[in-house]
Amino acid sequence: MKNKNLIISTLIPIVILASWSLYLSLVRAQGEVIELSIKARDPRDLLAGQYLTYAVDYGNVNCLQKYTDICICFNNNRPAKSSWSGNCNNLPHNGQCSKYLKASCRWSTPETGIEKYYIPEEYSPYLKRVPDKSSIVVRLDGYGNGIVTDFLIDQKPLAEYIKTTHLQQP
Amino acid sequence: MKNIQTQTSKWVKEGLITPEQAAKLIAYEQSSASRSWVNYGVMGIGIIAILTGIISIIAANWYFIPATTKLLCYFALQGFLAFLIIRDKGNSPIVREGLILAFNLLVLGGIALISQIFNLRGEGWRALLLWILLTLPLMYQAKWQLTAHLWMFAATLTGMIWAFSRSSENIQLTSRFLFIGGFAYLFAAMPLLKQLRLPLHILKPMQVWSYLYLLGWITVFANMSWAMNHYSHHQDFISPTHLLFFIGSVTIFGVAALSSGRSKQFCWTLGGMGIFLAIFTIIPITLRVNGLSLVGAVGSITIWGLAAAAAAFDNQQKLFNLASAAIAIRFIVIYFEIFGSLAATGIGLIISGAIILLVAYAWNKVRKSIFLLLEPK
């Protein structure tokens, strides 16, 4: 009995974390793709390691009230922009909103949880802030959540851009 | 070990114990040497050093390792630790507890790894909340208080980080404190409820952290609420839900204290402390009675005094020392609140230092006699 409890206790975190990883991997591999343009916001969040934080340009989003949750639907442009935003309970179901993200309104800025991207240590000298013409590739899980899968600068992946252009070291 | 041998030799010489009793004491201490906290501390340092070294090597080559490899290696390591824990073929308690501690710490590492690989943006309190939920069953299975202390610390930290996080910005600060305070009361009530049959390795840490939370966090917040003019100038909305939750938790705590089955003095003192603290917290924030520093100071000293008395009635010397030390510190703070500007001068600094030494001396002298007076006979 004691050993059975121990087995269950050790398996619970492993099974839950493995399921979570698997779900995120599936979303990353098969989720609907959108590209969103981004712009500089804060300096890097040093407390969270090598993460670049930025503001996502969703386009015209109705975020008039602070501390409300909304949904943002996206068009098929590249980069995508908002085609509708509002209460998630009123989400259009007529095919207009096949791609959407849930957002929390902090003052007038919507936040969807995709405002952070991990960058490797060797790129950090080149990226004190988000360069112009930057965008992120996001995979959607169909339930309003997204995972950032790529960081593009002028349509090139980050690593390639840094290698091919000669960014001035600060 | 050498200490117990020296002590027992002294006692035998003084005729306090017989040589046979001395031998039994030494044999007992030798058999329970695994409970030595020095062993635990050294083992803890070793585990942390190994993990830090592994992390450093991996960090240096992090970007070049594919995400799938990272995840597979993590789960392999986690699974291996699980296997060692389950196998437990007569491992010494230190090894078993060390493995459980390493397993739990690695779970936190796993959460951070998944967040990094998938660029998940979440506040720290979410990761900690997930961690405490995932490691709760194993924490229960451990025998080592350190594992439970770490878990309780993480639980306390989760609440504190949430209170100041972006997620809770839509809730007024006062309501957040009431919400967390309610949980602190529930935590403090649990060790008193015999029906829960909490194991000792969980009971003690739960007592320590819940009372630290109540005495160190809620009491200070209440003291500041009385002293500052915040509520008379601002219209903070106190959420009725959070207020009711706080009152409900206080009620549960009061009932648990009064029905704990311990000495009457303990039950009434502890229950009284809890209820007094709740009233002391609620009055300034609901009735907007503020700018009364003296009331805040006297109230907080009363609360710590009641907590110290309850600890003494229950023969809990460490908690008594903690609560009485808080009183001593509060007197020093009062001195600096009134005469703080004097500390800018040389004479003032000397007087301040003398006051601090005097308070420390008085605390050391007086607390022992008060504890002996109050401890159950």
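Colleague: Which residues form one aromatic cluster in chain B?
Modeller: This is a predicted model. Over all chains the structure holds 18 aromatic pairs. One aromatic cluster is formed by B:F164, B:F177, B:Y213, B:W217 and B:F221.

Colleague: How are the rings of B:F153 and B:W209 arranged: stacked, edge-to-face or tilted?
Modeller: A pair of aromatic rings is described by the distance of the centres and the angle of the planes. For B:F153 and B:W209 the centres are 5.4 Å apart and the planes stand at 50°. Planes under 30 degrees apart would count as stacked and over 60 as edge-to-face, so the pair B:F153 and B:W209 is tilted.

Colleague: How many residues apart in sequence are the parts that this pair ties together?
Modeller: B:F153 belongs to helix α7 (residues 145-163) of chain B, and B:W209 to helix α9 (residues 200-227) of chain B. The pair therefore ties together parts whose separation in sequence is 56 residues.

Colleague: What is the geometry of the pair B:F179 and B:F183?
Modeller: Both residues lie in helix α8 (residues 173-189) of chain B, 4 residues apart, which is about one helical turn. An α-helix has 3.6 residues a turn, so residues three or four places apart point the same way. The ring centres of B:F179 and B:F183 are 5.2 Å apart with the planes at 90°, so the pair is edge-to-face.

Colleague: Is B:F183 buried, partly exposed or exposed?
Modeller: Buried would need under 20% relative accessible area, and exposed over 50%. B:F179 has 27% and is partly exposed. B:F183, at 41% relative accessibility, counts as partly exposed.

Colleague: How many residues of α8(B) are buried?
Modeller: α8(B) has 17 residues and reaches 24 Å from its first C-alpha to its last, close to the 24 Å expected. Its buried residues include B:F177, B:L178, B:I180 and B:Y185. The helix α8(B) is mostly covered, and the buried count is 12 of 17.

Colleague: Which strands stand at the edges of the open sheet in chain A?
Modeller: The sheet has 6 strands with antiparallel pairing, in the order β7-β2-β1-β8-β9-β10. Each edge strand has a single partner, so one side of each is left without a neighbour in the sheet. The edge strands are β7 (116-118) and β10 (156-157) of chain A.

Colleague: Where in chain A is confidence highest?
Modeller: Chain A averages a pLDDT of 83, and 88% of the residues score at least 70. Confidence is lowest in helix α2 (residues 158-164) of chain A, at a mean of 81. The highest value, 93, is in strand β8 (residues 134-140) of chain A.

Methods
Residues numbered from 1 in each chain as written. Chains lettered and ligands numbered in written order. Predicted model: local features only at pLDDT ≥ 70, side-chain atom pairs only at ≥ 80, totals over all residues. Heavy atoms only, no water. pLDDT = per-residue confidence, 0-100. Helix = DSSP H or I, 4+ residues; strand = E, 2+ residues; numbered from the N terminus. Phe/Tyr/Trp six-rings, centres within 6.5 Å; stacked < 30°, edge-to-face > 60°. Buried < 20%, exposed > 50% of the residue type's maximum accessible area, 1.4 Å probe, protein only. Pairing = 2+ DSSP bridges. Expected span 1.5 Å × (residues − 1).
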